[in-house]
Amino acid sequence: MSLGHHPSRGASVSLNTLQKSYGKVGAVTGVSLDLQSGEFLTLLGPSGSGKTTTLMMIAGFEAPSAGDIAIDGVSVVDMPPYRRNIGMVFQNYALFPHLTVAENIGFPLKQRGVPKAERTRLVGEALELVHLGAYGGRYPRQMSGGQQQRVAVARAVVFKPRLLLLDEPLGALDKQLRENLQLEMRRLHAELGITCILVTHDQDEALTMSDRVAVMHEGKVVQVGHPEALYDRPSNRFVAGFIGESNFLPALVRGLESDVVVVECEGALIRAMTSQRPPIGANITVAIRPERLRFADGLVGPGVVGNRTSVTVREAVFCGERCRYLLETDGGTSLILKEPSSAATRRRVPGERADITWSPADTIVV
Ligand code: ADP
Ligand code: MG
């Protein structure tokens with residue numbers, strides 16, 4: 001058997017109203033998630049939102065206070081960690097300093113009683129998998145941070161687990177190295193067909209790496225979906241603010257037309273997308289991404305079907321690939337507008353009046 005190309009090497013995972021309390025502290029207060037075989041799912045959330053605790057319960061290092069964890073349809077809550085057959089990588093590599101790279105990677109095989117010759121073969125394969133074929137005889141201290149983390153990944157997959165858990169595995173590395181390793185881990189995931197759960201607080205990492213992202217806040221999953229869906233259709237204010245940047249406008253519901261809601265914002269009528277159908281007269285908030293707002297001069301006539309309002313430019317910052325404007329509506333609300341920079345575009349100056357426009361499709365009720 002070789003490590004690569006296994007059509008069904010990934011486990012399905014089902015978390016059912018999982019909870020964990022430490023005394024009065026609810027670290028995880030109800031997490032339900034279903035992962036398909038071979039899926040790459042990321043738990044994304046701020047520090048303290050319960051990501052690590054969730055992972056520790058799946059791995060078996062923490063017992064749930066309530067709820068169930070099933071792997072391939074079988075409940076594992078009463079199973080010790082080693083019997084769950086799960087690979088794990090942590091932020092601080094946790095390699096054994098007194099063992100060589102090859103010995104580190106071979107360690108889980110030794111624990112499982114795999115004979116020496118088979119161990120040597122599997123370790124060699126795992127080293128190749130992470131492109132460290134020539135490094136088996138080195139000690140961890142002789143390797144860079146990125147290389148050590150690749151060793152940790154090799155050690156986590158050498159015994160062919162069907163599920164790989166990664167807790168901020170790239171958190172200690174610099175940006176360039178982190179981005180390289182993100183791509184490498186995507187490749188590894190595709191090659192092995194293993195189911196992966198990644199924990200990170202880094203939204204870019206989550207959006208880049210995952211099939212789906214589960215956003216966590218205060219011990220709960222507040223939204224789960226494909227990266228684009230989370231960005232374009234955040235279902236609440238927390239997600240809209242945590243993933244990317246958002247402008248928030250207070251609004252009063254005036255009318256409903258199928259999936260569009262007409263709201264009044266500071267006297268102007270604007271259209272927003274909704275799946276929730278809030279009642280007429282309700283006070284709600286709409287969110288708009290800064291890069292979806294545009295200055296409206298020259299964009300007049302029947303071709304433009306959009307939302308529109310008047311603003312005063314308060315600040316203009318040139319950021320290389322784009323200009324970032326701080327605007328103020330006549331009602332006193334601050335808005336950020338990001339415009340791709342171009343030598344052909346006139347730069348706005350503070351104090352200037354302008355009209356801005358944006359599409360109802362980019363106006364989300366949160
Ligand atoms: P994250 O990984 O998202 O940063 P954690 O799962 O580590 O969050 O922690 C969630 C919450 O549970 C935090 O408020 C944390 O302080 C608390 N917590 C985690 N582990 C313990 C523990 N062993 N004892 C008491 N509180 C804990
Ligand atoms: Mg954590």
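Guide: A word on terms before we start: helix axes here are lines fitted to C-alpha atoms over the stretch in contact, and angles run from 0 to 180 degrees between N-to-C directions. Please also keep in mind that this is a predicted model.

Visitor: Fine. At what angle do H4 and H5 pack?

Guide: Helix H4, residues 145-157, packs against helix H5, residues 175-192, at about 20 degrees, and their axes are 11 Å apart. Since angles under 35 degrees count as roughly parallel, H4 is therefore roughly parallel to H5.

Visitor: And which residues make the contact?

Guide: H4 contributes Gly 146, Arg 150, Val 153 and Val 157, while H5 contributes Leu 177, Leu 181, Glu 184, Leu 188 and Leu 192. By class, the contact has six nonpolar residues, one polar and two charged.

Visitor: Switching to pockets: how much space lies in the largest pocket?

Guide: The largest pocket holds about 490 Å³. It is lined by 19 residues, of which Phe 61, Ile 86, Met 88, Gln 111 and Phe 159 are the closest to its centre.

Visitor: What about the classes in that lining?

Guide: The lining of the largest pocket comprises 14 nonpolar, three polar and two charged residues, and strand S6 supplies the largest share, four residues.

Visitor: Which helix gives the most to the lining of the second largest pocket?

Guide: That is H2, with five residues, in a pocket of about 250 Å³ whose lining divides into four nonpolar, two polar and four charged residues.

Definitions and conventions:
Residues numbered from 1 in each chain as written. Chains lettered and ligands numbered in written order. Predicted model: local features only at pLDDT ≥ 70, side-chain atom pairs only at ≥ 80, totals over all residues. Heavy atoms only, no water. Helix = DSSP H or I, 4+ residues; strand = E, 2+ residues; numbered from the N terminus. Parallel < 35°, antiparallel > 145°, perpendicular 65-115°, else oblique. Contact = heavy atoms within 4.5 Å. Nonpolar A, V, L, I, M, F, W, Y, C, P; charged D, E, K, R; others polar. 1 Å grid on protein atoms, 1.4 Å probe; cavity = no way out; pocket = protein on both sides within 12 Å on 5 of 7 lines; lining within 4 Å. Points joined across faces, edges and corners; volume = space filled by probe spheres on them.
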